[in-house]
Amino acid sequence: MPVMYNWTMIIARACFEELQHNFIVYWILLDLVSDLMYVADMLVRTRTGYLEQGLMVKDEKLLRDCYVNSFQFKLDVVSMLPTDILYLFLGLDYPEIRMNKLLRIGRMMEFFTRTETKTNYPNIFRIANLIMYILIIIHWNACFYFSFSKSIGFGSDDWVYPALDDPEEPEYGQPMRKYAFSLYWSTLTLTTIGETPPPALDSEFVFHVVDFLIGVLIFATIVGNIATMISNMNAAQAQFQSRIDNIKQYMQVRKVSQELELRVIKWFDYLWNNGKAQDEREVLRYLPDKLKAEIAIQVHMDTLKKVRIFADCEAGLLIELVLKLRPQVFSPGDYICKKGDIGREMYIIKDGQLAVVADDGVTQFVVLGSGSYFGEISILNIKGSKAGNRRTANIRSIGYSDLFCLSKDDLMESLLEYPEAKAMLEDKGRQILLKDGLIDLDPANIIPEAKELEEKVNKLYSTMDLMQVKLKKILGQYQNADLALNHRIADLERVTGEEVEGDHEEGVGQETQDEEKGGAEGATDGGDEEQRGDT
C-alpha cells in the first residue's frame with residue numbers, strides 16, 4: 001500500500017499544484033505513515049528466513065547479515081533518506097523531493113509474484129495486475145502532459161491544455177477538470193483509439209511521438225496478455241471440447257445409432273458439469289512421488305480402508321495401492337460386470353448407486369451405495385474357489401456412478417514386495433469364501449494353474465543344475481585332498497629313514513594318478529547317469 005501510494009500521489013502532487021496546497025496537512029500525515037510502514041518492512045526483512053541447502057535459516061544474526069549484505073537493503077536505505085528536510089529550504093511546493101520513496105517498487109513486485117503463485121485464481125489476478133500497471137502508466141502520462149502544457153503555456157494552441165482563465169469555459173480552471181482532461185487525453189493517446197488535436201511545436205511532436213510509441217507497446221501488451229490469459233482460462237474446456245468433437249466425428253463416420261450417440265454426449269456433459277473431466281494421473285504427473293503419494297492418501301485412503309481385506313494391511317502396501325486406484329464413471333444402465341465374466345478388477349463405490357440384478361437386467365436383488373465394494377475375491381485368484389476368477393453376479397449402474405478401480409495386475413505388482421501381506425490377503429479371502437460356502441477344501445479338486453506348474457518345473461530344473469555344479473565342486477575338492485595326502489605320506493617315509501626307490505615311487509605315483517583319474521571319470525560318469533536317471 002505505501003508503495004502504491006507513493007507511485008500514484010507523488011507525481012500527481014508535483015504536477016497539480018492545487019492538490020498539494022489544498023491538502024498539505026493530510027499529505028504530511030500520509031507521508032509519515034508511509035515512512036513508518038517502510039521502517040516496519042525493513043525490520044520484518046531482518047527476521048525473514050531464507051533457504052540454505054534446503055534448510056530454513058532462522059538464526060537472527062544470519063538473517064540480519066543476509067539482509068544487510070543484499071542489494072535490496074541498499075535500495076531500502078536510499079528510500080529512507082530524510083529528503084523531507086528539503087521542505088525547510090525549498091518550501092512545501094516540491095513534493096518531488098520524495099522521489100526516492102519509489103525505489104521500493106521491488107517489494108511490490110515481490111508481493112505480486114508470491115500472490116500469483118498462491119492464489120487459486122491466477123488468471124483473474126494477472127488480468128487485475130495488468131490493468132493496474134496500465135492505469136499507472138496512463139496516470140503518469142497524464143501528469144506529464146499537464147506539466148508539459150504548463151511549460152509551453154495553457155491555451156497557446158489546440159494541442160496543449162486549454163487556458164485556465166477562459167471566461168467562456170471557466171470549468172477548465174477547476175482541479176478536478178484538470179486531472180480528468182489530462183487523463184482523458186493520455187488514455188486516447190496511449191491506447192490509440194481516439195483523435196486528438198495535432199501538435200503545433202517541435203517539442204509537442206516529440207512528446208506525441210514518444211506517447212505513440214509507448215501506446216503501441218501498451219496495446220501490444222494488452223492484446224497479448226489478455227489473449228494468453230483467456231486462452232489459459234479456457235484451456236481445459238477447449239481440450240475437453242476437442243475430445244468431444246473427435247468422438248462425435250468418429251460416431252458419425254461409423255454410423256453409430258442416435259441413442260448411443262446421445263448417451264455418449266450425456267456422459268461427457270456429466271463429467272464436465274461435475275468437475276470430473278480431468279485425468280488425475282495427467283494432472284499429478286509433474287509432482288514428485290512423495291507429494292503425489294500424500295495427495296493420494298488424503299483423497300483415497302479412507303475409501304480404500306473400507307475394503308475389509310485391506311483393513312489390516314501395512315501402511316506401505318496401502319500407499320502403493322492408493323497410487324494405483326483409477327476413477328471411472330458409469331452412465332445409467334451400464335453394466336459394471338456380468339455373471340461369468342473374468343474378474344480382472346475390483347471396484348469401490350465413491351458416489352452413486354449400483355444394483356445387483358438378475359439375468360433379465362430388471363429384477364433387483366440388492367442396491368449397493370457409497371462405500372460399498374465388490375470383486376475383491378476374484379482378483380486374488382484363491383485356490384479352491386468354486387467360482388474361480390469369474391464374476392458371480394450382474395451389477396448395473398442405476399444412475400451416474402463414480403467408482404474407483406483397482407486392477408489385478410496392479411495388486412499383484414504391489415504384492416511382490418510384500419509377500420507376508422499377500423499371504424494374509426489370501427487367508428482373509430479364503431475365510432470369506434469359506435463363510436459363504438464358495439470354496440472347495442478337497443485337495444484333489446484343486447487344480448493348479450498352468451503358470452504355477454510351469455514355475456514349479458522351472459524351479460526343479462534350476463535345483464538340478466545347482467546340484468550338478470555342487471557335485472563337480474565336491475569331486476574336485478576330493479581329488480585335491482587325495483593328492484595332498486599322498487605327498488604327505490611320501491614326506492613322512494623320508495623323515496623316518498625308510499628307503500623309497502625312485503622307480504617304485506614313480507610307479508606308485510603313476511598308479512595313484514591313474515587310479516585317481518579313473519575314479520574321477522567313474523564318479524563323473526556315475527553323476528551323469530544319476531542325472532539322466534533323475535531326469
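Trainee: In this predicted model, is Phe181 buried, partly exposed or exposed?

Mentor: The relative accessible area of Phe181 is 22%. Buried requires under 20% and exposed requires over 50%. Phe181 therefore falls in between and is classed as partly exposed.

Trainee: How many aromatic pairs are there, and what is the geometry of the pair formed by Phe112 and Phe125?

Mentor: The count comes to 28 aromatic pairs. For Phe112 and Phe125, the ring centres lie 6.1 Å apart, with 65° between the planes. An angle over 60 degrees defines this class, so the pair is edge-to-face.

Trainee: Which helices does that pair link?

Mentor: The two residues are 13 residues apart and belong to distant parts of the chain. Phe112 is buried, at a relative accessible area of 10%. Phe112 lies in helix α7 (residues 105-118), and Phe125 lies in helix α8 (residues 122-152).

Trainee: What is the angle between the planes of Tyr172 and Phe181?

Mentor: Tyr172 counts as buried, at 13% relative accessibility. Tyr172 and Phe181 form an edge-to-face pair with 5.8 Å centre to centre, and the angle between the planes is 80°.

Trainee: Which residue lies over the face of Tyr172?

Mentor: Tyr172 belongs to a cluster linked by ring pairs, whose members include Phe16, Phe146 and Tyr161. At 5.2 Å from the ring centre of Tyr172, the residue over the face is Arg177.

Trainee: Which residues does Ser182 touch, leaving aside those up to four places away in sequence?

Mentor: Ser182 is placed in helix α9 (residues 175-191). Ser182 counts as buried because its relative accessibility is 0%. With sequence neighbours up to four places away excluded, Ser182 touches Phe16, Ala142, Tyr145, Phe146 and Tyr161.

How values were computed:
Residues are numbered from 1 along each chain as its sequence is written. This is a predicted model: local features need pLDDT of at least 70, side-chain atom pairs count only at pLDDT 80 or more; totals for chains, interfaces and linings use all residues. Side-chain values use heavy atoms; hydrogens and water are left out. Helices (H or I, at least four residues) and strands (E, at least two) are DSSP runs, numbered from the N terminus. Buried means under 20% relative accessible area, exposed over 50%, partly exposed in between (1.4 Å probe, protein chains only). Contact means heavy atoms within 4.5 Å. Rings of Phe, Tyr and Trp (its six-membered ring) pair if their centres lie within 6.5 Å; planes under 30 degrees apart count as stacked, over 60 as edge-to-face and the rest as tilted. A charge sits over a ring if NZ of Lys or CZ of Arg is within 6 Å of the ring centre and within 35 degrees of the ring normal.
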